[in-house]
Amino acid sequence: MFQLKKTIVSEDILKKDFVCNLSACKGACCVEGEAGAPVEKEEGEILKEIYPKIKPYLRKDGIESIEKQGLYTENDFGELETPLVNGAECAYVTFDDNNTALCGIEAAYRAGEIDWKKPISCELYPVRIQKYSQFSAVNYHRWPICDDACSLGKELQTPIYKFVKEALIKKFGEDWYEELAATAKRLS
């Protein structure tokens, strides 16, 4: 671990390789697990504003879950999350003809309906951010369903921090990312 501005960063995001392999995992990270995707407070406000525009891109089950639970839920720790359909997949998930999980929010974004891609936690995955009072921890979330992504990343020689570059810049800024890349170079 090392400090970078107001973050504590796991060296794993510099040293481990990762490239999503959607054809292999079928978007399992949006379907499996015990909770929805983390949603930041500001993102909850964005969801309130754009929901009418993303609703046409969602499945009936997802819409029903959102209308019953809300655009986001709050867990026991006071953190916001996307709602789930019957305790399983994210309510914003859609499925293509190959039964691959896709994001309904992102579908509306790609169609030009909205200018927000999806929650930053989804864009950052497999990086997870844990906020503390004085800093944020930037960690690699290991999950066996992503073994194919690790293999593809190794084959393509793409470290995690490069795979999620755009999202890291969006979250922490260009200067932060440049320092991260310089640190990666020094540590290699």
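Modeller: Two strands pair if DSSP finds at least two bridges between them. This is a predicted model, where local features need pLDDT of at least 70 and side-chain atom pairs 80 or more, while totals for chains, interfaces and linings use all residues. Residues count from 1 along each chain as its sequence is written, and side-chain values use heavy atoms, with hydrogens and water left out.

Biologist: So, in which sense do strand 1 and strand 2 pair?

Modeller: Strands are DSSP E runs of at least two residues, helices H or I runs of at least four, both numbered from the N terminus. Phe2 stands opposite Val9 in strand 2. Strand 1 and strand 2 share three bridges, and the sense is antiparallel.

Biologist: Which are the edge strands of the open sheet?

Modeller: The sheet has four strands with mixed pairing, in the order 1-2-9-8.

Biologist: Now helix 10: which of its residues are buried?

Modeller: Buried means under 20% relative accessible area, exposed over 50%, partly exposed in between (1.4 Å probe, protein chains only). On the other side of helix 10, Asp175, Lys185 and Arg186 are exposed. The buried ones are Trp176, Tyr177, Leu180, Thr183 and Ala184.

Biologist: Why do those buried residues line one face of helix 10?

Modeller: Look down the helix axis and take the directions from it to the C-beta atoms, which give the arc. The buried residues of helix 10 line one face because they fall within an arc of 120 degrees.
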